[in-house]
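Subject: Structure handover

Dear colleague,

Please find the structure below, with the sequence alongside. My notes on what was found follow it.

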Amino acid sequence: MYDPQFPNLPNTRNLSDDGSTIAFTSRAPLLPADINGGKDVYEWRNGRLSLVTDGSKEFSSLNLIGMSANATDVYFMAGGPRLTGFEVDRNVQLYDARVGGGFTPPAPPAECVEDACQGPLEPSPSLQGSGSASFAGPGNQSAANPRKRCGKNRQKKSKSKARCGKKRQEKQGQKKRNSNRRGG
């Protein structure tokens, strides 16, 4: 039977080609493992009944889509609890239960207590030299250079300009006096 809602699935049926296997759903608990009180998918194969769903999870919706011709795959849709542990939401999921298939769901994260939750300690970062240790410029200006102290970066500009102007005039006067003494 072809289901237009699932065009990528192979033609599905509830009975295998050789007639040895049938898949069906039932609300009645047909096996002792069926304890959820809800609908489950069963498979009857060569006279032996088995659960395809686990019988313990109660689904908000469960629909059998069918099985492959050789009965190695049973397709069903289930909403509600996660069956594999790899689902990212609780929306309706399409499942393929395969003969010889299956996988172990991911293990829950290990519990930790107090400091064990923090992980191993990492070594402290190595000490780096200061930024000025690697500076390659002319370096700091000496106190003997008054011109640098009278620069633009002073906080009180008006007073510093006045002081710097006076110092410049004094310095120029000293140069003239020195040159006059030398005979220049």
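To begin with the contacts: of those in the protein with a separation of 6 or more, 28% are between residues 24 or more positions apart. Please keep in mind that the model is predicted.

On burial and surface, the protein has 184 residues, and 22% of them are buried. Its accessible surface comes to about 14,200 Å². Carbon and sulfur atoms account for 51% of that surface.

As for secondary structure, there are 6 strands and 2 helices in the protein.

Three strands form an open sheet in the order β4-β5-β6, and the pairing is antiparallel. At its edges are β4, residues 61-67, and β6, residues 93-98, each of which pairs on one side only. On average, neighbouring strands of this sheet are turned by 25° against each other, with direction ignored.

Within that sheet, β5 covers residues 73-79 and pairs with β6 over 6 bridges, in the antiparallel sense. Which residue of β6 does Y75 stand opposite? Y75 faces D96 there. As a general point, the strands of a sheet pair through backbone hydrogen bonds, in either a parallel or an antiparallel way.

Regards

How values were computed: Residues numbered from 1 in each chain as written. Predicted model: local features only at pLDDT ≥ 70, side-chain atom pairs only at ≥ 80, totals over all residues. Heavy atoms only, no water. Pairing = 2+ DSSP bridges. Helix = DSSP H or I, 4+ residues; strand = E, 2+ residues; numbered from the N terminus. Axes fitted to C-alpha atoms, helices over the stretch in contact; angles between N-to-C directions. Buried < 20%, exposed > 50% of the residue type's maximum accessible area, 1.4 Å probe, protein only. Contact = heavy atoms within 4.5 Å. Areas by Shrake-Rupley, 256 points an atom, 1.4 Å probe, with all protein chains shown as cover.
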